[in-house]
Amino acid sequence: MTVTSQPSGSPVLRRPLTRRLLATLAASVLAFGLAAPAAAVADPTPTPSSSPAAANPVLSTAPSANGILRSGDALTATASRANPTGNNPLPAASVTLSIGAQALADDAALTRWLDGDASGVTLQQVAVGTLDATPAGAQSTAAFSVPATDPAVAGRAAGVYPLLARTDDGLSALSVVVVVADGAAPTPLGIVVPVTAAPMTRGLLTANELADLTAVDGPLSAQLDAVDGTPATLAVDPAIPAAIRALGSSAPPTAVAWLQRLLSLPNERFALQFGDADLASQLRSGLATPLTPTSLDSYMTASDFAQPPAIASPSPNPSPTAGQPTLPDMKSLLDIGAATSSVYWPASGSAGADTVAALGALGTADAPARVLVPSSTVAGAGESVPANASVGGVSTPVYDSEVSAALTRAAGENDTTRRGSDLASALGYLTFARTASADRPILAVLDRGTDRSRGSLRATMTAVTTAPGFSGTTLDAIAGQPASEISLVDASVDTARVDDVSNLTADEQVIDRFATILDQPELLTGRERAEVLQVLSVSWTGDAARTAVSDHRAATQTTLNSVGILSSDFRLVSSSAPLRPWVRNDLPWPVSVVLAVRPDDARLRVQDRTPVEAQASANTRVEVPVEARLANGEVSVGLQLYSPTGEPVGEPQVVDVEVRAEWESIGLVVVIALVIVFLSVGVIRTLARRRRVASGAEEPESLAENEPADGRAPAEGDDVAHEPAATIPEENRP
C-alpha cells in the first residue's frame, strides 16, 4: 500500500448547501474500525463536520474514475482539505480512508449514507495518509492507492459501497465506490441538456453579451463542446438564436459561427419556452396557454438587413422590394434546427397533474405533447420509475431525480475532488436505477444552471455518456416505448411566483393600451412581452427573482411615464393668444397623441382637442388657441394627453391662466364710436338743410332779417344800411 501527500495552494470555490455537500460534511466520529486495516466492525452514525457557510475547514473525498472500480483494478482515491480565506493556517493532519464491508442495499440506503446516516454500515480502514499544513485560502490533498490484490479490494461483488475519509482533527467526508459487473447487456440511458444563457431582464442578448458568451472560452461555447459527439437531447432556449438573428449583419462573428454549429449538430432537440420561462406559474396564474413572444422588431435595425442574412432561414421571407430590406419573421428568428415540437420541461418539481393536463391540451395529433417530470413527483414510485409514462393520457417522460441532481451538482463544481464525489454518487444512483428498471430505458437531465465551467461540464457529460453498462438513447426513442400510467403528487405552489405572473401580465395589458400612441404598437408590446418572459425564467429564484420582477415593473412604469406634458402657469396679455405647452417624448420612436384642454371657467374659451405628432426622444411645442371673454381673474386649465384610441397617456396637468379682458381698450373703442356717431349726425343734418334750401322750401335767414316791418319792398332812396334816424344822437344830426 502506497500513500502520497500533495499540497496545493489554490483556493476552493464553495457551492450552496445540498444533499451531496451534507454528505461530504457528515460522519465526524467513527470510533471503531478505523484503527486496523481490514477489520470489519459496526460503525456509529457519522457526525457532519462544520458547515462551509461558516467558513470552517472542509474535507472532501472522491474515488478516481468517477467511482468506477472494475475487477483487477486498484482502489485509488483523493482526500482534499480546504481552508477558507480568513481562517488561521491549519497544521498537518493524518487522514484515513475506509470502505464499506458490504454493498448498500438500494438507492434509499445510498441516500441515507450520503445524508450522513451510517446506521447498519460496517466500515474497514484501507489506507492512511497525511494532509500537509494548509494556509488560509488554500487546500492540501492526500492521495490513496490500495492494490487490487489487497483483501479489502480483491473479490468484491458488484454493487455500490460506502467510502469515508476522516482526519484526526475531526473532519470527515463521504462518497461511494461502484464495483461494476461485466458482461451484462447495456441499459439505454437518455440525457437532456439545456442550452441556455444566464437569466436576465432584457428581452434579448446584446451584441457584446453574445460576443462574450460565444467566445472560445464562453459559456455557450462550453455547452456545445460538452454535448458535441454525445447522444444528449438538447433543450434550447430559442431566445439565443433569436438574439443572433435579430442583429443581422451586426451580429458578432463568433455568435454567427456558434449558431451555425448548433444547427449542424445531429443531436435531437426541442425548444424551451422563450427565455426558459416558468410554465407552471403561468398556468396557475389563470393563463389558458403559456405566453409566447409576439414581436422582436424593436430589437432590429433595417440597415442590418440590407444584405442577405448569414444564416439561412428554414422558411425564407418573401422577396423584399428593391432598396427596402425585409426583417425576419418570428418563425425564422426562433428556429433552432430540426426540433421535436410540443415538448415541455417545467421547472423540476413544479408540475402537478393540472399542469400536465393543461400542457397536454397544447399538443396536436401530429405532434402530441410531452411533459418532462422528475421521479420525485411520481406517487408511490418506490424504486422503479418507468422513463416512459403517461398522466391522464398525456405523455410524461420521467427523469430520475437522484441521478439528475448529482449530475447537476457535478456540472457546477469546479473543484475536481468534490466533482468526482458527485459523479460517483450519480453513477451509484444509476446502478440502482438500472437494477430496478429491468433493462428499460432510464432518463436523466442536467438541470438548468449558470455556474458551469468548461471543464466541469465536459467532465460530467463524459462520465455519464461513458458509464459502463449503459448505452446512449434519445428522448424520442424513450417516448416510443410502451407507456405506463402513473399519478403525480400535488406539486408545491410558489404563490409569490404566481402573483408575479399576474402582476406582470396586468402591467402588460396597460402597456398594450399605452402603445396605441405608436404607428407600430408592436415595437413596444413585443419588447414588453419578451422582457416578461425573460423575467419569468426558471433560473430566477429566491430573492433574485423578486428583485428581477420589481425592477421590471419599475421599468414598465418608467415607460408609461415616458410621454407627458411640460407646462407652466400662463398670463393672457391680449384677448386671444396661444397656450404653448410642451409634449415630452422619451421613447425612441415618434408618437401620435391628442392634447385635451379643459378650462374650469367660462371666462376662457379654448380649443378642446389638438392633435400632436411628438418627435422621438425630444420635446415638441404645442400651440393651443385661447380666447378671453369680458372678465378678469384666474382660470385653471386641465391638460391631458390621449392616444388616438382615447387611452389616457401620462399624468394630467393643471395650469393657472391669468385672464385680462382689456377694459381700457374697450372704453376707447366706445368713445371713438360715439364721436363718429355725432359727426355723422351733424353731417346728415347739414346736408338735409341744404337740400331744402335748394328746393325753395326755406329762405335764407339773411334776407328775412332785412325785410321792412310793413311788408313792402324797400323804395328807391331808402337807406337800409343805416339805423333809423331816431337812433341817431341829436348832437350828431345836421
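**Notebook: buried elements, cores and ring contacts**

I began with helix 5 (residues 239–246), where eight of the eight residues are buried, so the helix is largely enclosed by the rest of the structure. For this I took buried to mean under 20% relative accessible area, with exposed over 50% and partly exposed in between, using a 1.4 Å probe and protein chains only. Helices (H or I, at least four residues) and strands (E, at least two) are DSSP runs, numbered from the N terminus.

Before going on I noted that this is a predicted model, in which local features need pLDDT of at least 70 and side-chain atom pairs count only at pLDDT 80 or more, while totals for chains, interfaces and linings use all residues. Residues are numbered from 1 along each chain as its sequence is written, and side-chain values use heavy atoms, with hydrogens and water left out.

**Helix 5, continued.** I listed its buried residues as Ala239, Ile240, Pro241, Ala242, Ala243, Ile244, Arg245 and Ala246. Taking contact as heavy atoms within 4.5 Å, I found that these residues pack against strand 11 (187–195), helix 3 (207–213), helix 4 (219–227), helix 6 (253–264), helix 8 (330–334) and helix 15 (522–535). After helix 5 comes Gly248, and its phi is positive, near 55°.

**Strand 10.** I then turned to strand 10 (residues 172–179), which is largely enclosed by the rest of the structure because eight of its eight residues are buried. For its partners I counted two strands as paired if DSSP finds at least two bridges between them. Strand 9 (residues 159–167) pairs with strand 10 in the antiparallel sense over eight bridges, and Ala165 stands opposite Ala173. Strand 4 (residues 68–69) pairs with strand 10 in the parallel sense over two bridges, with Ile68 opposite Val178. The hairpin of strand 9 and strand 10 has four residues between the strands, and there I noted that Gly170 takes a positive phi near 100°.

I followed an open sheet of three strands, in the order 23-26-30 with antiparallel pairing. Its edge strands are strand 23 (563–566) and strand 30 (618–621), each of which pairs on one side only. The twist averages 25° from one strand to the next, with axes taken as lines fitted to C-alpha atoms (for helices over the stretch in contact) and angles running from 0 to 180 degrees between N-to-C directions. Strand 26 (residues 582–585) and strand 30 are joined by four bridges in the antiparallel sense, and I saw Trp582 opposite Arg621 of strand 30.

**Nonpolar cores.** I used nonpolar core for a set of buried Ala, Val, Leu, Ile, Met, Phe, Trp, Tyr and Cys residues joined through side-chain atoms within 4.5 Å. The largest has 88 residues, and those with the most contacts inside it are Leu104, Trp113, Trp258 and Leu407. Helix 11 (residues 416–437) gives the most to this core, with eight residues. Another core, of 33 residues, lies apart from it and includes Leu560, Ile565, Leu579 and Ala628.

Leaving out residues up to four places away in sequence, Leu560 touches Val510, Ile511, Phe514 and Gly650. Leu560 and Ala515 are 45 residues apart in sequence and 9.1 Å apart in space, C-alpha to C-alpha.

I found one aromatic pair in the structure. It is formed by Trp345 and Tyr399, edge-to-face, at 6.5 Å centre to centre and 80° between the planes. The criterion is that rings of Phe, Tyr and Trp (its six-membered ring) pair if their centres lie within 6.5 Å, with planes under 30 degrees apart counted as stacked, over 60 as edge-to-face and the rest as tilted. Both Trp345 and Tyr399 are buried. The charged end of Arg448 sits over the ring of Trp345, 4.1 Å from its centre, which I judged by NZ of Lys or CZ of Arg being within 6 Å of the ring centre and within 35 degrees of the ring normal. Arg434 likewise lies over the face of Phe470, at 5.7 Å from the ring centre.
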